[in-house]
Amino acid sequence: MRISVIIPFFNAAHTVERTLASVQHQSSPASEIIVVDDGSDLGDLRFLESISDLYRFRIIRTPNRGVAAARNTGARAAAGELLSFLDADDLWDPKYLELLG
């Protein structure tokens, strides 16, 4: 089953790398990771862009409209059969996606 992971991001450069690592270290990999930048400051956006190849995710940039709008934007862009949402300062157990799918 294809699972899309959607991560809303707003000025979270200090936490997002650990979040992305927790997605990358899943026992069952995600089909895609979409990070929706919700109008972050330029420095945070540049950091996000600098790690996109390392953690293999797609960035969608939007003006700041809040976390719900960022989640909805990611959901509309997702190709997976299942959608899983993760905030940019949260971590998953390594078996989370395996148990979800």
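1. Asp 87 is partly exposed in this predicted model, with a relative accessible area of 27%, and Asp 87 forms a salt bridge with Arg 71 in which the closest N and O atoms are 2.7 Å apart. The pair links distant parts of the chain, since Arg 71 belongs to helix H3 while Asp 87 sits in the loop between strand S4 (82-85) and helix H4 (96-100), 16 residues apart. Arg 71 likewise counts as partly exposed, at 25% relative accessibility.

2. A search of the whole structure gives 3 salt bridges, and another of them joins Glu 32 to Arg 58, with the closest N and O atoms 3.4 Å apart. Because Glu 32 lies in strand S2 and Arg 58 in strand S3, this pair ties together parts that are 26 residues apart in sequence. As for accessibility, Glu 32 counts as buried because its relative accessibility of 16% falls under the 20% limit, whereas Arg 58 is partly exposed, with a relative accessible area of 37%.

3. There is also a salt bridge between the side chains of Lys 95 and Glu 98, at 3.9 Å from N to O. Lys 95 is partly exposed, with a relative accessible area of 44%, and Glu 98 is partly exposed as well, with a relative accessible area of 39%.

4. Which residues touch the most other members of the largest nonpolar core? That core has 19 residues, and the ones in question are Ile 7, Leu 20, Ile 33, Val 35 and Phe 57. Strand S1 (3-9), helix H1 (13-24), strand S2 (32-38) and helix H2 (42-55) each contribute at least two residues to this core. Apart from it lies another core, of 6 residues, which includes Ile 6, Ile 34, Ile 60 and Ala 70.

5. The largest pocket holds about 180 Å³ of space. It is lined by 14 residues, of which Pro 8, Phe 9, Phe 10, Val 67 and Ala 88 are the closest to its centre. Two or more lining residues come from each of S1, H1 and helix H3 (67-77), and by class the lining is made up of 7 nonpolar, 4 polar and 3 charged residues.

6. Asn 11, although it is not a glycine, has a positive phi of about 50°, and Asn 11 lies in the loop between S1 and H1. Arg 56 also has a positive phi, near 55°, in a residue other than glycine, and the place of Arg 56 is the loop between H2 and strand S3 (58-62).

Methods. Residues numbered from 1 in each chain as written. Predicted model: local features only at pLDDT ≥ 70, side-chain atom pairs only at ≥ 80, totals over all residues. Heavy atoms only, no water. Core = buried A, V, L, I, M, F, W, Y, C linked by side-chain atoms within 4.5 Å. Buried < 20%, exposed > 50% of the residue type's maximum accessible area, 1.4 Å probe, protein only. Helix = DSSP H or I, 4+ residues; strand = E, 2+ residues; numbered from the N terminus. 1 Å grid on protein atoms, 1.4 Å probe; cavity = no way out; pocket = protein on both sides within 12 Å on 5 of 7 lines; lining within 4 Å. Points joined across faces, edges and corners; volume = space filled by probe spheres on them. Nonpolar A, V, L, I, M, F, W, Y, C, P; charged D, E, K, R; others polar. Salt bridge = Lys/Arg side-chain N within 4 Å of Asp/Glu carboxyl O.
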